[in-house]
Amino acid sequence: MAYPTYAPTGRSFSAGDYPYKTFQSQNGKEVRILYGDKRTGMTLDLSYDNIPDTQADDFVAHYDETKGGFSSFALPSAFRTGWSGSAAAIDAATGNQWRYQEPPTIKSVRPGISSVTVKLIGVL
Amino acid sequence: MAKVYTGRDGRLLIDGTEQIKVSSWSLTGNLETLETTTLGDSQRTYTPGVQEFSGSASILYYNDGTGRNDAALALKKVLKIAGVSDGDTVDMRLRLVEGAINHDVRLAAYITSVSFGASVGEITRADISFQATGALTEVTI
């Protein structure tokens, strides 16, 4: 199955960075070497609070399908619900796809209701 | 017939026994709500969570001449040497009467706090608070 198409109740995005290394000489002079022209390592934390258990288990099913953090995937547009800026600004940048950074966590709130937290990282 | 209820209509039963010399009781019901608002929504939405019921009562520390003292029985639910155990719930009925009709809320509860004392010029009373456990067992209000 594809990544669940539910609107999240919370979203946190970090833009990642370009691959480069910094070298500093003894006099303090800094030299940076750029190793790539694509930004990567962006992170996306999504929370789905108080959803039915029947929706919560979809996240585990997808986690199984991607063999945990092994396979990368694209996210459906539902993850951007409520975002009115550029779609690409909070998605995996060009050339990147998402993979699980951590296993999804499910917190049981009451019978039949759970909250799910998903942590993703963008990889080239 | 129109009916305005007053303190004269109030009754309190603990473990099936109507308490004598009750000066007040109150019951509060709460429903926890779980927020289901998602990004993009303009109004907050909720789904029901768990309920809880709690209340309080004030009973005069009164001996009816036969050795019966309802306040003392309630106080002993907490003021006991052996400590409180799972089985120390009380069956409480908070009642308003209307002639032969009883309007009841019935619940199983733990007495969670008791307070009593003696002051010059005042009647000694036991103030108790209770916390319901589980669902209400009867509602006929």
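## A residue pair across two strands of chain A

In this predicted model, A:Lys107 stands opposite A:Ser115, a residue of strand 6 of chain A. Strand 6 covers residues 113-123 and runs antiparallel to strand 5 of chain A, to which ten bridges join it; strands here are DSSP runs of E of at least two residues, helices are runs of H or I of at least four residues, and both are numbered from the N terminus. Two strands are taken to pair if DSSP finds at least two bridges between them.

Residues are numbered from 1 along each chain as its sequence is written, while chains are lettered from A and ligands numbered from 1 in the order in which they are written. Because the model is predicted, local features need pLDDT of at least 70 and side-chain atom pairs count only at pLDDT 80 or more, whereas totals for chains, interfaces and linings use all residues.

## The sheet of chain A

Chain A holds an open sheet of four strands in the order 1-4-6-5, with antiparallel pairing. Strand 1 (10-14) and strand 5 (97-110) of chain A stand at the edges with a single partner strand each, so one side of each is left without a neighbour in the sheet. From one strand to the next the twist averages 10 degrees, with axes fitted as lines to C-alpha atoms (for helices, over the stretch in contact) and angles running from 0 to 180 degrees between N-to-C directions.

## The fold and extent of chain B

The secondary structure of chain B comes to one helix and eight strands, and along the sequence these follow the pattern β-β-β-β-α-β-β-β-β. The C-alpha atoms of chain B fill a box of roughly 70 × 50 × 30 Å along the principal axes.

Buried residues, meaning those with 20 or more other C-beta atoms within 10 Å of their own, the C-beta atoms being placed from the backbone, make up 19% of the 141 residues in chain B.

## Where the chains meet

The contact takes ten residues from chain B and eleven residues from chain A, two residues being in contact if their C-beta atoms, placed from the backbone, lie within 7 Å. On the side of chain B that touches chain A, the elements giving two or more residues are strand 3 (22-35) and strand 4 (46-60) of chain B, and strand 4 gives the most, with three residues.

## Confidence

The mean pLDDT of chain B, the predictor's confidence in each residue from 0 to 100, is 91, and 100% of its residues reach 70 or more. For the complex, the predictor gives an ipTM of 0.71 and a pTM of 0.74.

Notes. Buried ≥ 20, exposed ≤ 12 C-beta atoms within 10 Å, placed from the backbone.
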